[in-house]
Amino acid sequence: RMQAQRSLGYASRSFGIFRRDFYVAIVTDYLGLVLQLQAIANAERGLALNRQIEELETALVETGRSQPFQADEARKDTLDAVDDLASRQEAYQLSLDRFKVRIGMDPERPMVIIPTEIQIPIPEVDQDRAIHYAMEYRLDLQTNRDQLEDARRQIDLAENGMLPDLELKGDLRIGGNEVIDGVDFGETRASGGVFLSLPLDRVDESVALRQAQVRFAQDERLYSRSLDDAAVSVRQSIRDIDRAQFSILLQERSVEIAENRIASIDAAPDRATARDRTTAVAGLRTAEDRRDTSKRDLQVAVLKYLNATGILRLTPEGRLQPLPNMPVGEV
């Protein structure tokens, strides 16, 4: 009965782990769809800029201020931008269909993804404290600790089987035809005995004890490894948060540089070639894509950090449950 109760607890924890991992996976897929929508929007803006460049180069060629091949270069870059936009739209539709299948939705049903940014405050990370949280709150480590106790209890049971057995037995029988004051004392028999079994030839019990000891040693090594793996995952999640924050700063600066480059070209259009203009537009689009990717990576990194430390909590409806003094919003 005790083992059955503990097994029920293990199953409950396994379901809790699945809910948290599944939530992080679904949110990651959703943010990936949002990122693809943002990439499509960036490509549309880039296409609009390429068309403006094409119109400008065509006008310069018509007035004799530029060579015809400059207009051809601009036209080619516009066609490449159209093809890139179509490829991104097709990739988005494929990802959307896969997302429908994953959440159990009919792929034929229409779905509109509303771009939403999950605003989760960046945790003030202390590595030692984060690892302490993981050791205390992670459900898989709690299960591993309890299973290690189960293995130790099996050793105790096996050792008990190696001890001597002492049994007391007694038997009392009353019968016959003689009755005195309503009590039959005709024929009465009584017997008793003490049985002592010494552990002189207990091969099976000795083998069972050795097997229990080996299993405990194996479980102990697995538990030690699970502690190390948990600490590594926590450190990795902390590094992912730091890297994403640093990447956002760099890409924001890259966007500013690309915008300034386009502005300088627009200020003196006669001194720039079609290649200069299209290269500047491509640089802006690349910087915007990388900035959006870094923002997505930061949101995912924070969720993975909460999950790795075991402090991620979900409501019964499957939504993120904020910790005390942790504001969570959606934009």
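Q: How far apart are the closest N and O atoms in the salt bridge between Asp146 and Arg13?
A: The model is predicted: local features need pLDDT of at least 70, side-chain atom pairs count only at pLDDT 80 or more, and totals for chains, interfaces and linings use all residues. Numbering runs from 1 along each chain as its sequence is written, and side-chain values use heavy atoms, without hydrogens or water. A salt bridge needs a side-chain nitrogen of Lys or Arg within 4 Å of a carboxyl oxygen of Asp or Glu. For Asp146 and Arg13, the closest N and O atoms are separated by 2.8 Å.

Q: Is Asp146 buried or exposed?
A: Buried means under 20% relative accessible area, exposed over 50%, and partly exposed in between (1.4 Å probe, protein chains only). Asp146 has a relative accessible area of 19%, so Asp146 is buried.

Q: Which helices does the salt bridge between Asp29 and Arg102 tie together?
A: The side chains of Asp29 and Arg102 meet at 2.5 Å, N to O. These residues are 73 apart in sequence, so the bridge ties together helix H1 and, at residues 68-102, helix H2.

Q: Which helix holds both Arg253 and Glu256?
A: Arg253 and Glu256 form a salt bridge, with the closest N and O atoms 3.1 Å apart. Arg253 is partly exposed at 46%, and Glu256 is partly exposed at 40%. They are 3 residues apart, about one turn, and both lie in helix H5.

Q: How many salt bridges does a search of the whole structure find?
A: Side chains of opposite charge can pair when their charged atoms come close. The search of the whole structure gives a total of 23.

Q: What is the volume of the second largest pocket?
A: On a 1 Å grid over the protein atoms alone, a pocket is an open set of points where a 1.4 Å probe fits, with protein on both sides within 12 Å along at least five of seven lines; lining residues have an atom within 4 Å of a point. Points are joined across faces, edges and corners, and volume is the space filled by probe spheres set on them. For the second largest pocket this comes to about 290 Å³.

Q: Which helix supplies the largest share of the lining of the second largest pocket?
A: The lining has 14 residues, with Pro123, Glu124, Tyr133, Tyr305 and Ile311 nearest the centre. Helix H3 (127-137) and helix H6 (274-308) each supply at least two. The largest share is 3 residues, and it comes from H3.

Q: How much accessible area do Leu166, Leu168, Val194, Leu196 and Leu198 have together?
A: Patch residues have over 30% relative accessible area and no salt bridge; nonpolar side chains (Val, Leu, Ile, Met, Phe, Trp, Tyr) are joined within 5 Å, like charges within 9 Å. Strand S2 (165-175) and strand S5 (187-197) each supply at least two residues of the nonpolar patch. By the Shrake-Rupley method with a 1.4 Å probe, where for residues only the protein chains shown count as cover, the five have about 570 Å².

Notes: Helices (H or I, at least four residues) and strands (E, at least two) are DSSP runs, numbered from the N terminus.
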